[in-house]
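User: I'm new to reading protein models. Could you walk me through this one, a feature at a time?

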Amino acid sequence: MNILVTGGAGFIGSHACKALAAAGHHPVVLDDLRTGHRRAVRFGPFVEGDIADRIKVEAVLREHRIDTVMHFAASAYVGESVLRPDLYYANNVAGLLALLDAVRAAGVGRIVFSSTCATFGPADHKIGENDRQAPINPYGRSKLMAERILADYAAAFGLGAVVLRYFNAAGSDPDGELGEDHDPETHLIPAALLAAAGLRPHLDVFGIDYPTPDGTCVRDFVHVCDLADAHVAALGAIEPGLFKAFNLGNGDGISVRQIIDRVEAVTGRPVPWRASPRRPGDPPSLVADASAARRELGWIPRFGELDEMIGHAWAYMSGPGRMARLS
Ligand SMILES: NC(=O)c1ccc[n+]([C@@H]2O[C@H](COP(=O)([O-])OP(=O)(O)OC[C@H]3O[C@@H](n4cnc5c(N)ncnc54)[C@H](O)[C@@H]3O)[C@@H](O)[C@H]2O)c1
Ligand SMILES: O=c1ccn([C@@H]2O[C@H](COP(=O)(O)OP(=O)(O)O[C@H]3O[C@H](CO)[C@H](O)[C@H](O)[C@H]3O)[C@@H](O)[C@H]2O)c(=O)[nH]1
């Protein structure tokens, strides 16, 4: 299939392109490089552009005879969304509407969408697809609005939509070709690795007084290659006029303190850290029940071990090219 991958120069989108190409598909990347990298586009053509540019997007869809759109492009930082909600609603909601105009105009009827556990509110149990979605930050609300738009377009226009709600993406391509490369790096595991590498003086632990076993936030980490595999599987689940959503995680709740311990064990280096105030918008705990994805998509995570995720991320970060860019 010919697949338009918006955000394919980013962390998860680039890994999805690799998996799609390995499965015999043809990924075409559309990305404006606001947080992604040209060097991460290696598995098909690259078009530099904004998802909100309807004319360009429609032309790309027609030129490459696109069957399916995989929509990764978004603004995706919880903390930033609290400070700049305007950016999040513009890119994640208005941007999606523009993209969907082009998709309809070009007669493309299939979409896979990157959603998030941030569309759920705080929960004290593993979160299933039918749990109440009550986001507590603008990022999560923008993604929930996007889900609702897709569901309404499926019902009204016959669009086939599969929504994949990732929990916390982690790790990197075991071949070392791709990895997480954000500037500044705000995600927990790479931030802890930077502290272990001596490239940050310390890791700030945002809140040590949460109602969790050790007082720090709990998340469910899922390997980026397992997320990529889920996208390949999702292609077979798209049905005209239907909206389907799947939660993707390993079902293991891991705290920030536990991440520090495992990063120290995997790297063999200390992670200096200090307690800092809570980060606005952070739910105490988010852990997935991904049984529907296993059952209906046949999704079987290959890299469910946390140490392996940290090891792959560390191998990528300590590789010569990346280290040279960081130091
Ligand atoms: N990283 C996570 O843990 C996580 C968890 C849940 C959901 N998600 C979602 O997965 C998707 C990918 O996240 P990521 O971690 O790879 O982020 P990323 O920032 O690495 O990738 C996003 C890519 O989209 C591009 N982009 C953004 N806005 C664009 C626009 N208007 N036009 C064209 N390109 C644009 C960026 O340049 C970048 O290459 C996002 O939709 C995010 O909300 C991520
Ligand atoms: O330097 C840091 C970075 C993070 N954290 C904590 O570690 C946890 C995980 O934070 P991340 O920023 O790594 O990830 P988030 O859970 O905020 O966000 C990620 O998962 C979200 C779903 O919750 C979104 O989908 C988003 O795209 C993706 O970045 C949070 O409790 C955060 O406060 C720290 O203590 N110190």
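User: How many nonpolar, polar and charged residues does the shell around ligand 1 have?

Analyst: Before counting, note that this is a predicted model, where local features need pLDDT of at least 70, side-chain atom pairs count only at pLDDT 80 or more, and totals for chains, interfaces and linings use all residues. Residues are numbered from 1 along each chain as its sequence is written, while chains are lettered from A and ligands numbered from 1 in the order in which they are written. For classes, Ala, Val, Leu, Ile, Met, Phe, Trp, Tyr, Cys and Pro are nonpolar, Asp, Glu, Lys and Arg are charged, and the others, Gly among them, are polar. Here the shell has 12 nonpolar, 11 polar and 4 charged residues.

User: Which residues come nearest to ligand 1?

Analyst: A residue joins the shell if its C-beta atom, placed from the backbone, lies within 6 Å of the molecule. Of the 27 around ligand 1, the nearest are Gly7, Gly10, Phe11, Gly36 and Ala74. Two or more residues each come from α1 (11-22), α4 (85-105), β5 (110-116) and β7 (168-170). Those labels are DSSP runs numbered from the N terminus: helices (H or I) of at least four residues, strands (E) of at least two. The largest share, 3 residues, is from α1.

User: Is helix α6 buried or exposed?

Analyst: Count the other C-beta atoms, placed from the backbone, within 10 Å of a residue's own: 20 or more is buried, 12 or fewer exposed, and in between partly exposed. Helix α6 (residues 188-196) has 8 of its 9 residues buried. Its cover includes β7, β8 (203-206), α8 (256-267), β13 (273-276) and α10 (306-317).

User: And why does Glu185 count as partly exposed?

Analyst: Because Glu185 has 17 C-beta neighbours inside 10 Å. Glu185 sits in the loop between β7 and α6. Leaving out residues up to four places away in sequence, Glu185 touches Pro190, Ala191 and Leu194; touching means C-beta atoms, placed from the backbone, within 7 Å.

User: Which residues have the most contacts inside the largest nonpolar core?

Analyst: In soluble globular proteins, nonpolar side chains tend to be buried together. A nonpolar core is a set of buried Ala, Val, Leu, Ile, Met, Phe, Trp, Tyr and Cys residues joined through C-beta atoms within 7 Å. The largest one here has 102 residues, with Ala192 and Leu248 having the most contacts inside it. At least three of its residues come from each of domain 1 (2-170 + 221-248) and domain 2 (188-219 + 251-324), bounds that come from an automatic or database domain assignment.

Terms used
Contact = placed C-beta atoms within 7 Å.
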